[in-house]
Amino acid sequence: MRWAPFVNDIAARSMTVGRGLIENDHVQLTKQDLLRVFTDPPEPSTFCVDHLVPDIALAEHAEALDRIMAWARATEGTKGWLLRLLAVRYLLAQRPMGNFGAKTITRQVEDGDWDEVNPHYLKDCAERMAGQHPYEVMTEQAARINRGVFSNGRQHTCTQGDVLDFVKSLKGVDVAFFDAPYGGTL
């Protein structure tokens with residue numbers, strides 16, 4: 001039996017992890033990559049500032065997200081995928097337990113209403129949100145991402161597309177695992 005190291009998913013978010021970590025066995029984010037984010041990108045965007053402030057992210061962090069994504073779009077290959085993954089991890093680091101429904105906390109932190117912040121979130125997220133410079137957040141998250149980059153001795157391939165088209169493209173595969181897109185099924 002031949003083991004075919006292929007991954008396929010129709011979702012763009014899966015390609016971020018697939019191309020950044022699964023296909024990648026040696027490229028990592030460097031200090032220079034993180035510092036470049038603070039320079040003017042070739043095609044700037046204000047999507048995060050326009051859509052995430054004040055409910056999801058503080059203005060300072062939304063600006064950093066816009067810069068990360070602008071540089072990710074401008075960067076070819078694996079580094080571009082790693083920068084996209086950095087943007088995802090960066091945003092999740094701003095949310096209490098990754099919860100995007102907790103919109104009040106961001107407004108409270110932005111306004112400095114520390115007495116109103118839920119004490120459960122105060123140390124975990126609110127102080128980090130207001131107290132960390134975007135570079136510090138990026139450095140922490142890049143280190144986490146870089147720990148996920150390693151070689152297992154095989155070359156992996158990630159594709160984005162419909163599962164039925166993917167199955168038709170497989171040749172000589174004896175076993176395939178499919179994870180259905182709905183809970184409780186396999």
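Q: Over the ring of which residue does the charged end of Arg84 sit?
A: In this predicted model, a charge counts as sitting over a ring only if CZ of Arg is within 6 Å of the ring centre. The charged end of Arg84 meets this rule at 4.7 Å from the centre, and the ring belongs to Trp81.

Q: What is the distance between the end C-alpha atoms of helix 5, and what span should its residues give?
A: Helix 5 covers residues 77-94, which is 18 residues.

Q: How is the aromatic pair of Phe38 and Tyr135 classed: stacked, edge-to-face or tilted?
A: The ring centres of Phe38 and Tyr135 are 6.3 Å apart, and the angle between the planes is 55°. Planes under 30 degrees apart would count as stacked and those over 60 as edge-to-face. The pair is therefore classed by the remaining category, which is tilted.

Q: How many residues apart in sequence are the parts that this pair ties together?
A: Phe38 lies in the loop between helix 2 (31-36) and helix 3 (47-52), whereas Tyr135 belongs to helix 8 (residues 134-147). Phe38 is partly exposed at 34% relative accessible area, and Tyr135 is partly exposed at 23%. The pair thus ties together parts separated in sequence by 97 residues.

Q: Which residues make the nonpolar surface patch of about 330 Å²?
A: Patch residues need over 30% relative accessible area. Val163, found in helix 9 (residues 163-169), is partly exposed at 38% relative accessibility. The patch is made by Val163, Leu164, Val167 and Phe178.

Conventions
Residues are numbered from 1 along each chain as its sequence is written. This is a predicted model: local features need pLDDT of at least 70, side-chain atom pairs count only at pLDDT 80 or more; totals for chains, interfaces and linings use all residues. Side-chain values use heavy atoms; hydrogens and water are left out. Rings of Phe, Tyr and Trp (its six-membered ring) pair if their centres lie within 6.5 Å; planes under 30 degrees apart count as stacked, over 60 as edge-to-face and the rest as tilted. Helices (H or I, at least four residues) and strands (E, at least two) are DSSP runs, numbered from the N terminus. Buried means under 20% relative accessible area, exposed over 50%, partly exposed in between (1.4 Å probe, protein chains only). A charge sits over a ring if NZ of Lys or CZ of Arg is within 6 Å of the ring centre and within 35 degrees of the ring normal. The expected span of a helix is 1.5 Å times one less than its number of residues. Patches are made of residues with over 30% relative accessible area and no salt bridge: like charges are joined within 9 Å, nonpolar side chains (Val, Leu, Ile, Met, Phe, Trp, Tyr) within 5 Å. Accessible areas come from the Shrake-Rupley method with a 1.4 Å probe; for residues, only the protein chains shown count as cover. A salt bridge is a side-chain nitrogen of Lys or Arg within 4 Å of a carboxyl oxygen of Asp or Glu.
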